[in-house]
Amino acid sequence: MIISGHAKLAGILGWPVSHSASPCLHGFWLDAYGVDGAFVPLPVHPDDLELVVRALPRMGFCGVNVTIPHKEAVLNLCDSLSETARAAGSVNTLTFSTDGSIYGDTTDGDGFMRNVQDQAGPVDSKGPVLVLGAGGAARSIVLALIRAGFQDVLIANRTPEKAEAIARDLGAGITVVEWDNHKRFFPSLSLLVNTTSLGMTGCPPLSLSLDTLSKQAVVCDIVYKPLETTFLATARRRGNRVVDGLGMLLHQACPGFRSWFGVMPTVDNVLRDHVIKSLNLV
Ligand code: NAP
């Protein structure tokens, strides 16, 4: 590890942030590419968000990743936004200019699509895709699916108003379906995605019978702790192609690393194994 007086600084801003895998994966890349830099956890209470974000460029930070619960609140603190962040209404990557101005982007949706391509290969974009959940991650993923050419995107959420807001904001091709009645679409799906926090360590499991799900459907879970949720294990055992959430996390981190540290990093099995082992994800 190289940290000199000239070290470039970045970090992850959340509340809490101790669960985040970002310091582990950025630390791996800093070592691998011999970058004089550091990536640190930044636990910031929502009441202090503006104060901290405005201070970070003045403290020499190049930028930060943003996680729960700040992804929407930081939108208003940005001087400029990528078109994707504006459309998704969410920011997960801030880059600071030397004049202190703040640029916001979201890379969650692109990270999701790259991970699906990596782990499952091509998915039929003509068949319907069902997204479970309508939180911040779902918003970015639905936008990425539409931009990737998926023509029939269904969203089911416990709180239907949040799914309706995504459909309203992101436009045509999105249908809100009832949380208790979404299984009727299972036989025709080409892609089924869990974006709820169900199944995450410490949360109840996503208890769903997959008996009627098409065998052609690719099944994704964006939860990565545990690496294989009960939902994914059930899908894998019945022969569906499955995609875990870790690859999304690794891919979404690449653009930030490039803009802060000047190297486009690679996502490969060495990195993946390092994160799984360091964070005890299995
Ligand atoms: P969020 O904005 O808080 O949304 C949480 C979602 O989970 C909402 O749709 C919520 O439904 C649903 N939910 C929570 N408890 C539920 C329950 N008991 N029954 C049914 N639905 C429930 O969170 P987020 O940022 O979208 O993140 C969601 C998950 O994705 C988290 O586990 C997070 O760690 C993971 N994630 C992974 C990555 C990655 O890179 N792999 C990136 C971002 C997020 P309501 O609207 O009804 O409350």
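## Why call it that?

Modeller: Glu 50 and Arg 54 both sit in helix α2 (residues 49-58), four residues apart, or about one turn of the helix. An α-helix has 3.6 residues a turn, so residues three or four places apart point the same way. This is a predicted model: local features need pLDDT of at least 70, side-chain atom pairs count only at pLDDT 80 or more, and totals for chains, interfaces and linings use all residues. Residues are numbered from 1 along each chain as its sequence is written, and side-chain values use heavy atoms, with hydrogens and water left out.

Colleague: Why is the contact between Glu 50 and Arg 54 called a salt bridge?

Modeller: The term asks for a side-chain nitrogen of Lys or Arg within 4 Å of a carboxyl oxygen of Asp or Glu. Here the N to O distance is 3.1 Å. The pair therefore qualifies. Side chains of opposite charge can pair when their charged atoms come close.

Colleague: How many salt bridges does that rule give?

Modeller: Seven.

Colleague: What makes Arg 139 and Asp 169 a salt bridge?

Modeller: Their closest N and O atoms are 3.0 Å apart. The pair links distant parts of the chain, with Arg 139 in helix α5 and Asp 169 in helix α6 (residues 160-170), 30 residues apart.

Colleague: Why is Arg 139 called buried?

Modeller: Because its relative accessibility is 14%. Asp 169, at 47%, is partly exposed.

Colleague: Which residues of α5 are buried?

Modeller: Among them are Ala 138, Arg 139, Ile 141, Val 142 and Leu 143.

Colleague: How do you know that the span of α5 is close to the expected one?

Modeller: The expected span is 1.5 Å times one less than the number of residues. Helix α5 (residues 136-147) has 12 residues and reaches 17 Å from its first C-alpha to its last, close to the expected 16 Å. Just after α5, Gly 149 takes a positive phi of about 100 degrees.

Colleague: Where does α8 bend?

Modeller: At Cys 254, by about 30 degrees. The bend is the angle between axes fitted to the seven residues ending at a residue and the seven starting there. A proline, Pro 255, follows within four residues. Helix α8 (residues 246-261) still reaches 22 Å over its 16 residues, close to the 22 Å expected.

Colleague: What makes you call α8 mostly covered?

Modeller: 13 of its 16 residues are buried.

Colleague: Why do you say that Asp 244 and Arg 272 tie parts together?

Modeller: Their side chains meet in a salt bridge, 2.6 Å from N to O. Asp 244 lies in the loop between β12 (241-243) and α8, and Arg 272 in helix α9 (residues 269-278), so the pair ties together parts that are 28 residues apart in sequence. Both residues are buried.

Colleague: Which peptide bonds are cis?

Modeller: Trp 15 to Pro 16 is cis, with omega about -5 degrees. Lys 225 to Pro 226 is also cis, with omega near 5 degrees. Pro 16 lies in the loop between β1 (8-14) and α1 (22-32).

Colleague: What makes Asn 280 worth a mention?

Modeller: Its phi is near 55 degrees, a positive value in a residue other than glycine. Most residues other than glycine have a negative phi, and most peptide bonds are trans. Asn 280 has 56% relative accessible area, so it is exposed.

Colleague: How many residues surround the ligand?

Modeller: 23, each with a heavy atom within 4 Å of the ligand. The closest are Asn 157, Arg 158, Thr 159, Lys 162 and Ile 222.

Technical notes. Helix = DSSP H or I, 4+ residues; strand = E, 2+ residues; numbered from the N terminus. Buried < 20%, exposed > 50% of the residue type's maximum accessible area, 1.4 Å probe, protein only.
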